[in-house]
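I opened my notebook to record what I looked up in this structure. My entries follow in the order I made them.

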Amino acid sequence: MADQTLPIHGTLDLTPPRERHNLLLDILHDWVITVDHKKLGLMYMMMSIFFLLVAGAEVLLIRIQLMVPNNHFLSPQTFNRMFTMHGTTMVFLVGMPLVFAWANYIIPLQIGARDMAFPRLNAFSFWMTLFGGLLLYYSFIGGPGLYGTGSAPDVTWWAYAPLTLKAFSPGNATDYWALALIVTGFGTVGGGINILATVLSMRCKGMTLMRMPLFSWVMFIDGAFVLIVITPLTAAQIMLLIDRYLGGHFFDTQAGGSATVWMHFFWIFGHPEVYVLVFPAFAIASEVIQIFSRKALFGYPAMVAAVVGIAFVSVSVWAHHMFTIGMTSSSNAFFVLSTELVGIPTGIKIFNWLATMWGGKIRFATPMLFAIAFLFQFLCAGLTGIMLSIAPWNWQLHGSYFVIAHFHYVLVGSIVFMVFSGIYYWFPKATGRLMSETLGKWHFWLFFIGFHVTFDVMHFVGFEGMPRWIYTYPADRGWGTLNLIVSIGGLIQGIAVLIFAYNLIHSLFKGKIAGNDPWDAWTLEWATSSPPPVYNFAADPVVRSWRPLWDLKHPENPDWKYDQ
Amino acid sequence: MLRGRSRVGQIAAAVGASALLFTKSALADGLQHSTSVFEPASTPATEIHHLSFFVLEITGAIFVVVAGLLTYVLIRYRARPGDDESEPAQVYGSNQVELAWTVIPVLIVVVLFLTTARVIFAIQDAPKPQAALEVTTVGHQFWWEFLYPKQGIDTVNELHVPLSSADHPTPTYIHLLSADVDHSFWVPELAGKTDLIPNHPNDIWIDPQQPGLYLGQCAQFCGVQHANMLLRVYVDTPEQFAAWVSNQAKPGVQDPSVADGRHVFETQACMNCHTIRGTAATGRFGPDLTHLMSRDTLASGMIPNTRDNLRQWIKNPDTIKPGSLMPAMQLSEQQLDQVTDYLETLK
Amino acid sequence: MSAIPLVPTSHEQEWHLPYKGRIGMYGLIVAESAIFTIFVIAYIYYIGKSLYGPTPQQVLEVPIFNTICLLSSSVTIWLSEREIERGNIRTFGIWWAVTITLGAIFLIGTGMEWDKLIYHDGLTISTNLFGTTFYSLVGLHATHVVIGLIMLSLVLLFTITGHVRHEHSERIQVLALYWHFVDAVWVIVFTVVYILGR
């Protein structure tokens with residue numbers, strides 16, 4: 001891992017930097033006008049972390065309210081806004097920007113390109129996404145709202161019609177929800193187009209699609225996929241606004257419109273959306289598990305096929321969110337089958353990751369700790385997902401805390417864990433410094449414990465019959481003790497995240513210098529300096545296999561010998 | 001007029017008292033069931049319960065195998081301190097292994113799917129027997145309306161159904177409608193939940209085989225007081241049920257000693273929303289009050305049906321259920337006493 | 001061990017990747033198709049479900065002339081693409097202008113149709129389900145025609161001022177791809193609204 005700096009003579013711009021008069025303004029200006037994929041990736045990441053903390057605060061308020069029965073910490077109006085904003089924020093202002101954070105920062109570096117295909121579109125997409133988020137949060141202070149405490153959306157993040165029509169939601173809360181997400185949707189489409197064009201048109205010489213790192217493959221599928229995933233929601237939201245402001249009747253049941261049409265459109269977006277959100281976790285896992293097992297990924301072609309298969313099948317499962325609405329028995333049976341089928345390629349991925357670790361030399365650095373927890377938790381999430389796919393059992397569990405436990409096992413137990421893994425892994429590349437391993441381990445263990453205290457117990461809260469979206473519950477239901485435990489776990493997670501935030505900021509200034517390749521890794525981003533120069537590579541790379549640095553480090557046993 | 005803390009205090013007091021009362025009534029009846037999905041008392045719930053155990057066994061086995069493998073790998077293949085820096089053998093894949101762990105999950109899926117499909121059809125497409133009771137449920141923000149078309153009854157929030165038994169089945173078939181937004185009928189021990197969607201009628205059936213009180217609540221977010229749209233299903237013996245039906249079928253009690261209160265009811269706009277059969281009050285927006293005193297609770301299961309609670313509710317529903325669609329009618333203290341007296345005669 | 005410059009080796013084979021602009025436009029078309037699909041599904045689902053008000057059979061006239069204009073504009077834009085590939089900027093500009101004219105005629109025709117529907121037949125977006133789904137779907141398409149015409153007009157402006165040259169032909173093709181998409185969507189909208197729905 002010796003450091004090597006200045007590359008080929010004559011490829012660097014040696015003009016001295018211009019004089020700066022106001023350093024802070026200059027730095028801000030730099031970031032505001034940037035079209036560089038690395039800066040934009042970092043801004044997407046900062047936006048996600050910021051909104052993660054905000055939505056985390058929202059759920060801590062929720063958990064305090066639900067700690068004991070008949071609590072009066074939050075009014076019902078405020079509570080309903082809290083969980084609506086928590087869900088909406090986490091999906092659209094944390095999860096989606098994270099997709100573009102990872103894709104923007106890493107794809108060009110991994111494929112040996114100098115930037116994304118459309119740098120200005122990239123900047124536009126980021127600012128649209130951020131503006132949409134700010135518009136959504138402006139709702140807290142804008143306008144009088146229906147019941148006071150602002151106009152923040154209070155109709156759940158699904159915003160089912162006809163509750164969202166003017167007759168039942170007369171204020172502007174629903175409008176903020178619809179408009180803010182239409183705006184972020186533009187950013188999402190721009191980002192997806194960029195990923196698609198970058199991967200197809202900007203790979204360095206020799207990098208055929210099957211020689212791309214799996215991370216880039218998975219993010220590529222994600223970028224293409226998002227184009228047909230977010231757009232149905234945009235269409236449905238336009239229809240909702242037509243109903244609310246132009247007198248339309250799309251969801252107006254009094255005029256023959258249909259509440260179930262909203263449900264279908266929402267879930268045609270909503271189910272594939274969770275795959276859009278989880279693909280980055282798969283992408284990061286594929287990189288981290290390889291490096292910290294010291295073994296090539298097992299079954300690269302199968303992994304590619306699995307992700308493509310998941311994307312295709314996942315558009316056929318949406319009505320498993322609607323088993324209770326009274327579809328015919330044949331329809332219900334169909335969606336049971338399709339949902340179980342999508343579990344097969346997903347399971348295959350877990351097996352391939354396990355096989356990668358099999359026969360390896362596993363190093364338990366912080367990124368790997370999070371990845372191992374991800375494997376365990378994603379397995380559990382898949383199994384509770386199978387339970388939920390069983391339509392009759394779903395008739396009991398739908399709309400209960402069991403479902404909340406299941407999807408938090410995916411969103412937190414899988415996605416957030418891998419976000420942390422990826423940050424610990426690539427922070428050295430982006431900043432040139434390593435994050436503290438000691439603090440990392442404290443962060444990991446506290447978060448792991450807090451996560452399991454909350455979400456393991458939450459499954460049983462669901463079994464005990466507690467539905468979602470309720471701001472309080474009677475004392476005679478017997479749900480009090482379990483809810484208290486769930487809330488305590490939430491506080492533990494909060495502390496862990498604060499440790500992480502401290503580690504992040506402290507390491508930025510005081511972390512150990514990382515060098516180009518602190519993890520002894522195999523993909524192109526580790527070939528350039530940490531942080532990379534704005535032009536990424538001194539000369540355009542040329543590759544012969546899917547692990548170019550392995551080939552260089554192991555000239556006696558390169559991957560291209562095995563036709564990779 | 002209550003504001004701020006004292007209003008909170010009021011709510012706390014009412015609810016606190018109700019908690020005590022509920023516990024008392026539960027102990028007194030001895031037959032209040034829980035909301036656990038693992039204690040089915042009716043065929044649909046029982047079918048689901050059996051299926052769920054089968055699924056738990058399969059998923060449990062998968063968990064043991066895969067988590068076991070993970071644990072084994074972590075222990076067996078961890079980097080040890082004395083290790084040299086050499087890289088382990090690089091294995092790129094194996095077609096046989098990929099095939100194996102594709103085929104086995106496919107088989108599991110086939111088994112799960114066929115088992116599940118059988119239960120779906122058994123519950124959803126069960127033929128309706130002649131002896132079935134028919135109830136139409138209309139979901140409102142934030143209360144339940146129960147119509148018994150053949151018996152000519154219209155009641156609210158507390159559903160009475162007859163006990164059924166395996167050899168003499170008397171199931172209840174419930175037709176689900178909504179007057180406004182989406183709701184969901186969920187009484188875990190009796191059946192899985194089914195939604196009430198405007199312009200989209202649904203049907204479920206239950207055949208409870210143990211008497212007593214079953215609890216549930218609305219399970220689809222329907223607005224600000226979704227949390228307090230509670231359900232109480234009373235499973236009566238045939239005698240109890242017959243007695244209940246015949247009482248409910250009678251028109252509202254006409255007690256001349258509370259004529260003042262009835263006058264308040266009819267002139268203060270109450271009758272615009274509420275019905276009391278046998279009187280001029282035929283409002284359909286709010287609950288039917290004909291036999292208000294035959295119910296154990298008010299505000300959709302929130303508080304016990306006592307004089308104080310009833311009076312407070314009429315005075316200002318927002319102090320008990322903030323966001324409820326019944327407005328405070330700005331009655332004077334005397335009017336409140338009179339109308340409460342009147343309503344208390346509606347047994 | 002890893003900041004090794006990755007020096008290009010011999011040029012064994014050519015390295016050709018698709019033009020990123022074209023891929024980007026395909027991506028946009030895929031996204032827009034998804035939006036249109038949802039509106040088309042809603043339209044089809046709601047056929048015959050209006051509880052009152054004018055029905056399609058009562059008020060819709062098949063816009064044959066408009067459709068011929070719009071679909072011909074795909075032919076004319078294709079002709080203009082051919083011309084710029086050959087370097088004939090002037091002929092390119094003429095066919096491009098014809099395309100814009102045909103598109104504008106289509107829009108005017110749509111406007112006239114809506115005028116009749118609103119003021120003569122009493123059909124607005126809030127009248128009934130048919131009105132809602134009709135104006136939404138046809139309006140969404142018309143919006144895309146407007147955006148297309150704006151972009152085409154900008155290019156015409158640049159052509160007249162002499163800024164468009166032979167080396168821009170690939171970019172012109174990408175823009176034309178958008179226009180072809182708008183026309184293809186019209187084929188579907190036309191079929192669903194004026195044939196299936198009546």
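**Entry: a hairpin in chain B**

I began with S1(B) and S2(B), which are joined by a hairpin through 2 residues. I kept in mind that the model is predicted. How many bridges join S1(B) to S2(B), residues 143-148? I found 5, and the two strands run antiparallel. I noted one pair by name: B:His140 has B:Trp143 of S2(B) as its bridge partner.

Next I looked up the pairing of S1(B) with S5(B), residues 172-178. Here 7 bridges join the strands, which run parallel. B:Val138 is bridged to B:Leu177 in S5(B).

**Entry: helix H5 of chain B**

I moved on to H5(B), residues 259-267. Which residues of H5(B) are buried? I listed B:Gly261, B:Arg262, B:Val264 and B:Phe265. They cover an arc of only 155° around the axis, so they sit on the same side of H5(B). The general rule I wrote beside this is that an α-helix has 3.6 residues a turn, so residues three or four places apart point the same way.

What does the buried side pack against? The buried residues of H5(B) pack against helix H7 of chain B, residues 333-343. On the face turned away from the buried side I found the exposed residues B:Ala259 and B:Thr267. After H5(B) comes B:Ala269, with a positive phi near 75°.

**Entry: one proline**

I picked out B:Pro44, which is found in helix H2 of chain B. Is B:Pro44 buried or exposed? I counted 25 other C-beta atoms within 10 Å of B:Pro44. The cut-off for buried is 20 or more, so B:Pro44 is buried.

I then set aside its neighbours within four places in sequence. The contacts of B:Pro44 are then B:Ile123, B:Ala191, B:Gly192, B:Trp205 and B:Ile206. I also looked up B:Gln312. B:Pro44 and B:Gln312 are 268 residues apart in sequence, and their C-alpha atoms are 40 Å apart in space.

**Entry: two domains in chain B**

I checked the domain assignment of chain B. It gives domain 1 as 8-37 + 133-347 and domain 2 as 43-81 + 88-124. The C-alpha centres of these two domains of chain B lie 45 Å apart. I found 7 residues of domain 1 in contact with 4 residues of domain 2. On the domain 1 side of that contact, the residues divide into 4 nonpolar, 1 polar and 2 charged.

**Entry: chain A**

I turned to chain A. It has 15 helices and 0 strands. Its radius of gyration is 24 Å, close to the 24 Å that the globule rule gives for 564 residues, so chain A is as compact as a globular protein of that length. Its C-alpha atoms fill a box of roughly 75 × 55 × 45 Å along the principal axes.

I looked up burial too. Buried residues make up 66% of the 564 residues in chain A. Then I took the contacts in chain A between residues at least 6 apart in sequence. Of these, 81% join residues at least 24 apart.

**Entry: where the chains touch**

Which chains have the most contacts between them? Of the 2 pairs that touch, chains A and B have the most. I found 81 residues of chain B in contact with 77 residues of chain A. H3(B) gives the most to the chain B side, with 16 residues. By class, that side has 48 nonpolar, 23 polar and 10 charged residues.

Last, I checked chains B and C. They do not touch, and their nearest C-alpha atoms are 12 Å apart.

Notes:
Residues are numbered from 1 along each chain as its sequence is written. Chains are lettered from A and ligands numbered from 1 in the order in which they are written. This is a predicted model: local features need pLDDT of at least 70, side-chain atom pairs count only at pLDDT 80 or more; totals for chains, interfaces and linings use all residues. Helices (H or I, at least four residues) and strands (E, at least two) are DSSP runs, numbered from the N terminus. The radius of gyration is taken over C-alpha atoms; the globule rule is 2.2 Å times the number of residues to the power 0.38. A residue is buried if 20 or more other C-beta atoms lie within 10 Å of its own, exposed if 12 or fewer, and partly exposed in between; C-beta atoms are placed from the backbone. Ala, Val, Leu, Ile, Met, Phe, Trp, Tyr, Cys and Pro count as nonpolar, Asp, Glu, Lys and Arg as charged, and the others, Gly among them, as polar. The arc is that of the directions from the helix axis to the C-beta atoms. Two strands pair if DSSP finds at least two bridges between them. Domain bounds come from an automatic or database domain assignment.
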